[in-house]
Amino acid sequence: MHLIDARGSRVSAAPVPQSRSRHPSRTRHGGATDGTYDLSVPASASQDPRVLAFARFVKRALGEARAEGWSIDDVEERTGLRRSTIYRWTRAEVESPQRIQVHKFVDGLGIPRTTASQILGWDGTPRPPTLTSPSTRTCRPSCDG
């Protein structure tokens, strides 16, 4: 590659090194080539069944919004939430979504709040039982019977 200096002479220019931190499928100015990112579930995703169910719910709601012609910009505008928050939800990267944000999301998309509340267990539905080893119990000896 050659450049022309102020005197009109040709000068060799060293190539600019490519950034190694950027994912190869993403372009320099923007997202992936089609404007979306892979929404697969990462290894850091929550293992809480309710959070995973909420992730599926958000994906389904976004799919329905897209089918109605909404872009992610429209969803951001109508819900008041940033796309990064919404995409973290779709990947189950949040231990417990904030209630106010969930309400903004469902209100903006015209979904009843009770739907998300049931999925996340905010309606009083008990959490699924989790297995604990006897050594991790927090019960005092007096409550063993």
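## First stop: an aspartate in α2

Select aspartate 74, which counts as partly exposed at 27% relative accessibility. Buried would require under 20% and exposed over 50%, so a value between these limits is called partly exposed. The structure is a predicted model. Aspartate 74 is found in helix α2.

## The whole chain

Now zoom out and show the chain as a cartoon. How many helices and strands are there in the protein chain? There are 5 helices and 2 strands. Following the sequence, the pattern reads β-β-α-α-α-α-α.

The accessible surface of the protein chain comes to about 10,600 Å², and carbon and sulfur atoms hold 52% of it. Of the 145 residues in the chain, 27% are buried. Among contacts with a separation of 6 or more, 54% are between residues 24 or more positions apart.

## The start of α2

Go back to α2 and select serine 71, in the loop between α1 and α2. Serine 71 is partly exposed, with a relative accessible area of 31%. Show its side chain and the backbone of aspartate 73. Serine 71 caps the N-terminal end of α2, with a side-chain oxygen 3.3 Å from the backbone nitrogen of aspartate 73.

## The buried side of α2

Select Ile72, Val75 and Thr79, which are buried in α2. These residues lie on the same side of α2, because they cover an arc of only 55 degrees around the axis. Look down the helix to see this arrangement. Which helices do the buried residues of α2 pack against? They pack against α1, α3 and α4.

## The glycine after α2

Move on to glycine 80, which follows α2 and has a positive phi, near 80 degrees. Glycine 80 sits in the loop between α2 and α3. Is glycine 80 buried or exposed? Glycine 80 is exposed, with a relative accessible area of 52%. The C-alpha atoms of glycine 80 and lysine 104 are separated by 6.9 Å, although the two residues are 24 residues apart along the chain.

## Helix α3

Select residues 83-90, which form helix α3. The buried residues of α3 are Thr85, Ile86, Tyr87, Trp89 and Thr90.

Threonine 90 is buried, with a relative accessible area of 0%. A polar atom of the threonine 90 side chain lies 2.7 Å from the backbone oxygen of tyrosine 87.

## The alanine after α3

Select alanine 92, found in the loop between α3 and α4. Alanine 92 has a positive phi of about 55 degrees although it is not a glycine. Alanine 92 is buried, with a relative accessible area of 1%.

## Helix α4

Select Val102, His103, Phe105, Val106, Gly108 and Leu109, the buried residues of α4. The buried residues of α4 pack against α1, α2, α3 and α5. Just after α4 comes glycine 110, with a positive phi of about 75 degrees.

## Last stop: α1 and α5

Finish with α1 and helix α5 (residues 113-120), whose axes are 8 Å apart. The two helices pack at an angle of about 145 degrees. Show the side chains that make the contact: Arg50, Ala53, Phe54 and Phe57 come from α1, while Thr115, Ala116, Gln118, Ile119 and Leu120 come from α5. By class, the contact of α1 with α5 has 6 nonpolar, 2 polar and 1 charged residues.

Definitions and conventions: Residues are numbered from 1 along each chain as its sequence is written. This is a predicted model: local features need pLDDT of at least 70, side-chain atom pairs count only at pLDDT 80 or more; totals for chains, interfaces and linings use all residues. Side-chain values use heavy atoms; hydrogens and water are left out. Buried means under 20% relative accessible area, exposed over 50%, partly exposed in between (1.4 Å probe, protein chains only). Helices (H or I, at least four residues) and strands (E, at least two) are DSSP runs, numbered from the N terminus. The arc is that of the directions from the helix axis to the C-beta atoms. Contact means heavy atoms within 4.5 Å. A polar contact is a pair of N or O atoms within 3.5 Å; within protein, one must be able to donate a hydrogen and the other to accept it, and residues adjacent in sequence count only if both atoms are side-chain atoms. Accessible areas come from the Shrake-Rupley method with a 1.4 Å probe; for residues, only the protein chains shown count as cover. Axes are lines fitted to C-alpha atoms, for helices over the stretch in contact, and angles run from 0 to 180 degrees between N-to-C directions. Ala, Val, Leu, Ile, Met, Phe, Trp, Tyr, Cys and Pro count as nonpolar, Asp, Glu, Lys and Arg as charged, and the others, Gly among them, as polar.
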